[in-house]
Amino acid sequence: MNRILFFLLFFCSAGVLISQPASICPDAPETRDHKYLSRYEGACIIGYDFKEFDAFTLPLGKVVRPGTEFKAEKDLNLEGRLTRIIYAVPENRTPLEVKRNYETALKNAGYEIMYTCSEDGCSNSNYLGLSYLYPLEKRLKTKGTLTQYALGGAAGQQYIAAKGNKDGVEVYISLYIATNNGVVREIKGRTVVLQDVIEVTPMDEGLVNAQAVAKGLAENGKVALYGILFDFGKAEVKEESLPALQEVAAFLKSNPAQKVFIVGHTDNVGQVASNLDLSTRRAEAVVNVLTGRLGVNPAQLSGYGVGPLAPVAANLTDAGRSQNRRVEIVAQ
């Protein structure tokens, strides 16, 4: 069950010894450490958010602001089981010290460090910080959110992105570490760790195959494809989309009389005109891969984009927006 908890904690006295293994405060109710990564010694959980399946953008480069939006120079779009835990660290532990401990722990556990940065090295300008986009970035725009409280007045920022394989599952870890200088008195001045663990859920190949395409067109006149991926704001089809597109190509080749529209959809983030343009370019890019690379007869398909005009879920949550970002095959 999805849940977001924020527990404002009154910490124990400053006389607690740093070496003491006990937590500095009680954990928030109904929270726990992730099985793939333990907490910094003595830290307590002040926030917890779990989703069985959600989208996540993992920053892998400096923060830039080419226009009105903040973004990372490089990132990785992921989907799967998402667990966010926010820890408050004992007093007098700096973000850098906490980061070094996590780096050691991750390497000892067999994780690969994909990207790391410190303070001004996390951006191309001295006023930008990872807190401007830190995933899931749109939560920062809503007053009073869990992430906003944790990153309030973030200072001394440190960041680690890592990946590994646990129990046969591809696991990515994102750690944003900074001193909280915000308005919440109970955590002000303490180092806070914002930890996201993404367990990538493999695409169920049974959901996207030639038979499923045939059945969907026959019964509903359309089939939604969520295995076709693009980078944020771009229209280039990612290589990991090939398995789904190969199944579509197999169906069309075995049914040469079948004509379809390839329709691109977006969420409602941004301007309608730009989303319409993006969805059209994405649809056309899919058509180009199917006809140019996979040998489908160009007479069988054409691409169109409808942007955010035909949602299948509310655009109020990340999960809903993820469902709306899709490519559909529609029978002509």
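Modeller: Start with two helices. Leu242, Leu245, Val248 and Ala249 of α4 meet Val286, Val289, Leu290 and Arg293 of α5. Contact here means heavy atoms within 4.5 Å. Sorted by class, this contact of α4 with α5 has seven nonpolar residues, no polar ones and one charged. Nonpolar covers Ala, Val, Leu, Ile, Met, Phe, Trp, Tyr, Cys and Pro; charged covers Asp, Glu, Lys and Arg; the others, Gly among them, are polar.

A word on the source. The model is predicted, so local features need pLDDT of at least 70 and side-chain atom pairs count only at pLDDT 80 or more, while totals for chains, interfaces and linings use all residues. Residues are numbered from 1 along each chain as its sequence is written, and side-chain values use heavy atoms, leaving out hydrogens and water.

Now the geometry. Helix α4 spans residues 242-254 and helix α5 spans 272-293. Both names come from DSSP runs, numbered from the N terminus: helices are H or I with at least four residues, strands are E with at least two. The two helices pack at about 65 degrees, with axes 10 Å apart. That makes α4 roughly perpendicular to α5. Under 35 degrees would be roughly parallel, over 145 roughly antiparallel, 65 to 115 is roughly perpendicular and the rest is oblique. Axes are lines fitted to C-alpha atoms, for helices over the stretch in contact, and angles run from 0 to 180 degrees between N-to-C directions.

Two strands pair if DSSP finds at least two bridges between them.

Go through the pairs. Strand β10 (222-225) and strand β13 (326-331) are antiparallel over four bridges. There, Leu225 has Val327 as its bridge partner. Strand β11 (260-265) also pairs with β13 in the antiparallel sense, over six bridges. Phe261 stands opposite Val330. By contrast, β11 and β12 run parallel, joined by six bridges. Ile262 stands opposite Gly303 in β12.
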